[in-house]
Amino acid sequence: LVIDPLAAGWDTPVSADHFRSGCAPIEALAHGDALIREGRAEAVLIRGEDLLRSRYAHDKVMRQRLMAIYGEACPIPEAYTQLAHVFMQRHHMDARQFSALAEALRENYARTARRIGIYTPPKPAASAMATGLFRLIDCANPVVDFTGALILGHAALASKSPTPIAVLGVGVARCGGDGPAHAQEIARYAHLAKAWASSCERAGIDFTTAFHEGRALLEAYTCFPVVPLGFLLASGR
């Protein structure tokens with residue numbers, strides 16, 4: 001299973017066994033999990049590579065054009081900002097409160113990084129405002145070279161790995177549409193609640209209770225602060 005690179009184009013047809021979305025790796029993981037559980041595969045390799053820094057080092061205009069999935073008039077940070085404003089309206093929150101929560105999230109990440117010894121103090125420029133709500137420091141650097149792979153298999157196969165990880169449940173859900181035109185629906189984050197409930201049901205674990213009892217840890221990949229805030233509400237954190 002292949003995670004498509006940026007160069008594939010956001011709106012081009014997606015080939016079989018290829019995945020292209022903000023949660024493409026999770027969608028691939030869910031598909032691979034189903035293939036193995038249903039006996040259609042002994043093992044599944046999920047791989048992806050996107051050399052976003054080196055490939056476009058001499059053609060940054062092309063990279064920006066490919067990243068403008070909602071049109072050049074609405075770059076991704078601006079789309080997240082529009083979504084955040086809808087989210088704030090839903091929860092009767094002003095910009096000051098939202099910014100305070102964004103900073104609390106950042107400090108949470110930093111605290112974890114310090115504990116495991118990988119913390120690097122951000123450069124002062126990272127705190128500059130990129131949009132009315134969005135700071136550069138609020139999101140991971142999108143311009144990095146990445147290559148990676150993940151192998152899924154039955155427990156017997158996984159036992160041959162020195163560090164196997166059990167996949168107990170995978171939940172995936174989508175909204176009816178994507179982009180600024182669907183901000184009202186996205187900001188409800190009902191799809192996150194559905195994906196969370198499905199994952200916990202498949203795993204047979206009441207993760208929320210286990211988490212609050214100190215028996216579980218949670219790591220979530222998120223982007224602009226409105227996403228982890230939506231997830232916290234949707235999952236009952």
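A charge is taken to sit over a ring if NZ of Lys or CZ of Arg is within 6 Å of the ring centre and within 35 degrees of the ring normal. By this criterion, the charged end of Arg 114 sits over the ring of Tyr 119, 4.6 Å from its centre. The model is predicted: local features need pLDDT of at least 70, side-chain atom pairs count only at pLDDT 80 or more, and totals for chains, interfaces and linings use all residues. Residues are numbered from 1 along each chain as its sequence is written, and side-chain values use heavy atoms, with hydrogens and water left out.

Helices (H or I, at least four residues) and strands (E, at least two) are DSSP runs, numbered from the N terminus. Two strands pair if DSSP finds at least two bridges between them. An open sheet is formed by 4 strands in the order E2-E1-E3-E4, with mixed pairing. Its edge strands are E2 (18-19) and E4 (145-153), each pairing on one side only. Strand E3 (residues 43-51) runs antiparallel to E4, and 9 bridges join the two. Leu 51 has Asp 145 of E4 as its bridge partner.

Rings of Phe, Tyr and Trp (its six-membered ring) pair if their centres lie within 6.5 Å; planes under 30 degrees apart count as stacked, over 60 as edge-to-face and the rest as tilted. The count comes to 7 aromatic pairs. Trp 196 and Phe 207 form an edge-to-face pair, 5.6 Å centre to centre with 90° between the planes. This pair links distant parts of the chain: Trp 196 lies in helix H7 (residues 190-203) and Phe 207 in helix H8 (residues 207-212), 11 residues apart. Trp 196 is buried (under 20% relative accessible area; exposed is over 50%, partly exposed in between; 1.4 Å probe, protein chains only). Its relative accessible area is 15%. Phe 207 is also buried, at 17%. Trp 196 forms an edge-to-face pair with Phe 231 as well, at 5.4 Å centre to centre and 85° between the planes. Here H7 is linked to helix H9 (residues 226-235), with the two residues 35 apart. Elsewhere, ring pairs link Tyr 80, Phe 98, Phe 134 and Phe 224 into a cluster.

Helix H9 is largely enclosed by the rest of the structure, because 7 of its 10 residues are buried. These are Val 226, Val 227, Pro 228, Leu 229, Gly 230, Phe 231 and Ser 235. Their cover, by contact (heavy atoms within 4.5 Å), includes helix H3 (76-90), helix H4 (95-115), H7 and H8. Gly 236 follows H9 and has a positive phi, near 75°.
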